[in-house]
Amino acid sequence: MNYHLKHAHPLYVDRATPSTSTSSSQPPLKLSQTTLVLKPPLSDKRKRDITDKIADFVALDMRPVNIVEGEGFKQMMKFIEPGYTVPKRDTVMHAIKNKYNTTKQVLLEKLKACTAVSFTTDTWTSNQMDGYMTVTAHFISQEWQLHSFVLETKVLEVSHTAANIAERLGEVMEEFGIPPEKRVAVVHDNAANMVLCAQQLSQNPSWGNVQGIRCAGHTLQLCINAAVKLDPICRVIAAARRLVGHFKKSAKATSALTLKQKQQNVAEHKLIQDVSTRWNSTYSMLERLLEQRCPVTAVLSEPGTTHRSDRDLDLTTGAWRIAEDIVSVLRPMITLTELLSQDVNASLSATLPMLVNMKRRHLLSRDDDSTTVKAVKKKITEEIDKRWELTGSLEGSIYIQAAVLDPRFKSLSFLDAEKRDDAYATVSDLAESLSPAEEATAQREDSSGAEESEPAPKRQREKQQDISMLMAFDEDQETEDHKKMMTYIWRTEPRLTRDH
């Protein structure tokens, strides 16, 4: 019996059975009859469900498929479900492909039912220096729900020229059955190849009336980058970067900073190192430095902590003042970037109203502004006017057309009377060109009837002021429309908070 249990049922061998290596001087342990608790074997359905969830885990958390071959993963699954055998990576990959095909069929039905689709696309390079291209579709369903789906992320082995990008976009349109009449716009960054690609698509009859739209967030970044390159702003930012780098590279300085923070009752926050290609990280670096100015200065002045050669890393009084000026000008830009980059709300119609209000209320030069503030405001204003062409004719602008159709901005109070009349005339002409079926769809009443929720309480005061400034109408028109605007913003974008 012992031989049979040992070789046929190793899981149920009595652990009290003496080992052959036991010393002969010890008395042999006696075998005693035990009760074997046998669990029923897993059903095929249970096994498939577990494999299916493993595939979900790999796909949703973007884990490498070979995670199922790890010893730790196998031990975890053995503890959770002893009767389950972890599948090989090929099996998991097959399950993921099946999920992709099923999801794709659902998406194809949604795309077939919608009336218009917009796209965002970008090319990027991985850490392994492989070039990729991603295409995302955005559309409104028949239930008036905004949807976004990544159609494709694939290696772009050919050169990233405008022609090759346009060709790949055409292949994606064919694969997902999106006809030319449904293609409305392609959102892209300001790279020369992407701009040229959008121009080629707009001139290609097979793409219908598609328009190229430059990413508002990326365009705003270029405007701000031009301002922070001004002298002496760029020198102050470089000095701040070196100062933060000193603490990032010195464990001794970092420990001393923590001690000074406790002694001076300052928030125990770490310094932030900026990334030169992201202006908001530069803003965060300067803002954090200003918050930690006293502890940082105290650490740099301690002979036992900081070498004599490193004491000149501290910013001068004038540099600290310039850093304060930069932060004061860029602070509302953070809010503007967040509003323009929302995932749950289309921001095209709000772009020009917010930019114009930013110019009128925040970027307007004042007598008490310092020289640095005036220079930054002037440069950002010039860049906004140039890149969004606000000083020229706005006739035919898709931004204006979207604003007219948006109930929040249909009064176009951010435009002068002449441009306002031109905008209304353009949209009227577009409405008259609609087919009867499209008119019926456009005139469909909103059946949601949902009552707007109140703005979330206890929002940061600065954030409220920024949104009020960006979304406000003319001073004499801030009435019920403005209140509705604020309620809408807080309801659709609850994540407008900073967490450095």
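**Notebook: helices, strands and rings**

I started with helix 13 and listed its buried residues: Ser349, Ala350, Thr351, Leu352, Pro353, Met354, Leu355, Val356, Asn357, Met358, Arg361 and His362. Buried here is under 20% relative accessible area, exposed is over 50%, and partly exposed lies in between (1.4 Å probe, protein chains only). Helices (H or I, at least four residues) and strands (E, at least two) are DSSP runs, numbered from the N terminus.

Housekeeping: this is a predicted model, where local features need pLDDT of at least 70 and side-chain atom pairs count only at pLDDT 80 or more, while totals for chains, interfaces and linings use all residues. Residues are numbered from 1 along each chain as its sequence is written, and side-chain values use heavy atoms, with hydrogens and water left out.

Back to helix 13: 12 of its 15 residues are buried, so I'd call the helix mostly covered.

Next, the strands. I found strand 4 (residues 183-188) and strand 5 (residues 211-214) pairing in the parallel sense over four bridges; pairing takes at least two DSSP bridges. Between strand 4 and strand 5 the chain passes through helix 6 (residues 192-202), and this β-α-β crossover is right-handed (with the strands pointing away from the viewer, the path from the first strand over the helix to the second runs clockwise).

Then aromatics: I get three pairs in the structure. Rings of Phe, Tyr and Trp (its six-membered ring) pair with centres within 6.5 Å; planes under 30 degrees apart are stacked, over 60 edge-to-face, the rest tilted. Phenylalanine 57 and phenylalanine 73 have ring centres 6.4 Å apart and planes at 15°, so they are stacked. Phenylalanine 57 is in helix 2 (residues 44-60) and phenylalanine 73 in helix 3 (residues 71-80), 16 residues apart. Phenylalanine 57 is partly exposed at 29%, whereas phenylalanine 73 is buried at 12%. I also logged tryptophan 124 with tyrosine 132: centres 4.8 Å apart, planes at 15°, so stacked.

Charges over rings (NZ of Lys or CZ of Arg within 6 Å of the ring centre and within 35 degrees of the ring normal) came next. Lysine 104 lies over the face of phenylalanine 176 at 5.1 Å from the ring centre, and arginine 183 has its charged end over the ring of tryptophan 207, 4.6 Å from the centre.
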